[in-house]
Amino acid sequence: MAWDFETEPEFEEHLAWMRTFMVEEIYPLETLDLTWDQMSRMVQPLQAEVKARGLWAAHLEPELGGAGFGQLKLGLMHEILGQSPFGPLVFGNNAPDSGNGELLALGIKMSGREDQRDKWLLPLLNGELRSGFSMTEPHTAGSDPTLLTTTAVRDGEEWVIDGHKWYTTNGSVADFFIVMAVTNPDVHPYQGSSMIIVPKDAPGVTVVRDVGSMEDPDVVFGKYGNHAEILYEQVRVPIENLIGDEGAGFQLAQARLGPGRIHHCMRWLGQSKRAFDMMCERALSRHAHGGPLAEKQTVQNWIADSMAEMHAARLMTLQAAWKMDKVGAAAARVEIAMIKYYGAQVLYNVIDRALQLHGGLGYSTDMPLESMYRHARAARIYDGPDEVHRVTVARQVLKDYEPRDIPTEYIPAREAAARQRFAEMLEMFSAEQAG
Ligand SMILES: Cc1cc2nc3c(=O)[nH]c(=O)nc-3n(C[C@H](O)[C@H](O)[C@H](O)COP(=O)(O)OP(=O)(O)OC[C@H]3O[C@@H](n4cnc5c(N)ncnc54)[C@H](O)[C@@H]3O)c2cc1C
């Protein structure tokens, strides 16, 4: 029977290298306030090291320069590189470029539109172009993308796009967007939506602003990682800019989101562990009311609960990754949905406890915890709010049950059945007792 929790020694070597590399080379970058251009130059030698080790953009298929590791190994890598917001940039899989690269690759496979490889995909993978994923709209519920109102209408050899989007991450620094739009309003939205490449400089595209958010309330326009509000007004792009088949928008989104959630959850675990390390170190170092905080039972509960929650989330996520590798994303749907809301909550809980334990220091910008806390809150909203994933799980689980007038476990009914089944023995027992 195969039931294994070990990592192959050769791959473990990669992971060990990554752990040291993260702490020694990437953590120091976090403290510098650099522009996007300065940061890009700063990370170039680090990216070269990652490439030389064969770990660059490992999520991609080997023909695109990836390693073909599979989700389980990728998950283990993301747990480490997710410890720092700069990890994904150095390892060639920062959102949304990584997911957009996957979408383009899937689309090319589906449609055979090879010209997109040289024009969009390869420059994106080489870091020569930046991208945004433009799906969510301010006036329709992003949790129900069947309500999308952005349209793309075919006019001769062009798509004409009209819509209003927001929260397009990196929108203000991107060179192009992947826009989700309704291309056929006469069929169910699952078959009537498509993804289309829109260059940022196409006439009719207006990046209205970067949205101030809990991540960055005093947002400065044009910073890497911001979330843009964008108007698409009579934007014309050539029909070759369609990704995959017409009407395949949802199909492509699903194919992209499965692996993406494993990576998210493992990155969250990397962040949780970092907050946990800070909590444990501080618990041993700070004294109050006659001893170190580590000796207070509440603090011990925080440590024990955080450890158990992280462990549970880790096993759940790795099992989901393993299942994806074995039987594919569709069959692992419930597991993938479960880790989204469970992992996001664990991240939030652990950072919240670590911040609380640090008191005023934790709340201050002298520690990274306040920023981690603000970013962690978003995890419960993006990539589909937690509630929607809970609905998916509950619906799937309930398919294995059916309604009954009398509960299966109703004791009087079970007793009657048991009495009937064992009548002979029970009669014998009664006779023995009477005799
Ligand atoms: C940091 C960040 C980055 C993002 N990046 C991008 C990006 O790059 N591109 C992009 O297109 N979008 C992006 N988004 C948008 C994100 O995908 C949406 O915010 C999300 O899908 C939720 O949509 P909404 O905001 O319209 O909330 P709504 O759909 O209005 O939902 C609001 C709330 O209603 C509740 N709810 C919804 N459905 C149900 C249900 N069935 N049962 C119970 N409760 C329910 C939930 O509590 C939910 O939070 C980003 C968001 C954030 C916060």
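Q: Does S430 count as buried or exposed?
A: Burial is judged by counting other C-beta atoms, placed from the backbone, within 10 Å of a residue's own: 20 or more make it buried, 12 or fewer exposed, and counts in between partly exposed. S430 has 10 C-beta neighbours inside 10 Å and therefore counts as exposed. This residue lies in helix α15 (residues 423-434), where helices (H or I, at least four residues) and strands (E, at least two) are DSSP runs numbered from the N terminus. The C-alpha atoms of S430 and Y401 are separated by 39 Å, the two residues being 29 apart along the chain.

Q: On what kind of model do these values rest, and how are residues numbered?
A: The model is predicted, so local features need pLDDT of at least 70 and side-chain atom pairs count only at pLDDT 80 or more, while totals for chains, interfaces and linings use all residues. Residues are numbered from 1 along each chain as its sequence is written.

Q: Which residues of α1 are buried, and what do they pack against?
A: Residues three or four places apart in an α-helix point the same way, because there are 3.6 residues a turn. In α1 the buried residues are H14, M18, F21, M22 and I26. They pack against α2 (36-52), α3 (71-81) and α4 (87-90), contact meaning C-beta atoms, placed from the backbone, within 7 Å.

Q: How many residues of α3 are buried, and which helices do they pack against?
A: Ten of the eleven residues of α3 are buried, so the helix is mostly covered. Among them are L72, L76, M77 and L81. The buried residues of α3 pack against α1, α4, α8 and α9 (297-327).

Q: At what angle do α3 and α8 cross, and which residues meet?
A: Axes are lines fitted to C-alpha atoms, for helices over the stretch in contact, with angles from 0 to 180 degrees between N-to-C directions. The axes of α3 and α8 come within 7 Å and cross at roughly 35°. Q71, L74, G75, H78, E79 and I80 of α3 meet P259, I262, H263, M266, R267, L269 and G270 of α8. By class, these residues are six nonpolar, five polar and two charged (Ala, Val, Leu, Ile, Met, Phe, Trp, Tyr, Cys and Pro count as nonpolar; Asp, Glu, Lys and Arg as charged; the others, Gly among them, as polar).

Q: How are α5 and α8 set relative to each other?
A: Angles under 35 degrees count as roughly parallel, over 145 as roughly antiparallel, 65 to 115 as roughly perpendicular and the rest as oblique. The axes of α5 (residues 97-111) and α8 (residues 249-285) come within 10 Å and cross at roughly 135°, and the two helices are therefore oblique. In α5, G99, E102, L103, L106 and G107 meet L252, A255, R256 and G260 in α8. This contact has four nonpolar, three polar and two charged residues.

Q: Where do N170 and H289 lie, and what is the phi of each?
A: Most residues other than glycine have a negative phi, and most peptide bonds are trans. N170, not a glycine, has a positive phi of about 70°; N170 lies in the loop between β3 (158-169) and β4 (176-182) and counts as buried, with 25 C-beta neighbours inside 10 Å. H289 has a positive phi near 50°; H289 is in the loop between β9 (287-288) and β10 (291-292) and counts as exposed, with 7 C-beta neighbours inside 10 Å.

Q: What kind of peptide bond joins A95 and P96?
A: The bond is cis, with omega about -5°. P96 lies in the loop between α4 and α5.

How values were computed
Two residues are in contact if their C-beta atoms, placed from the backbone, lie within 7 Å.
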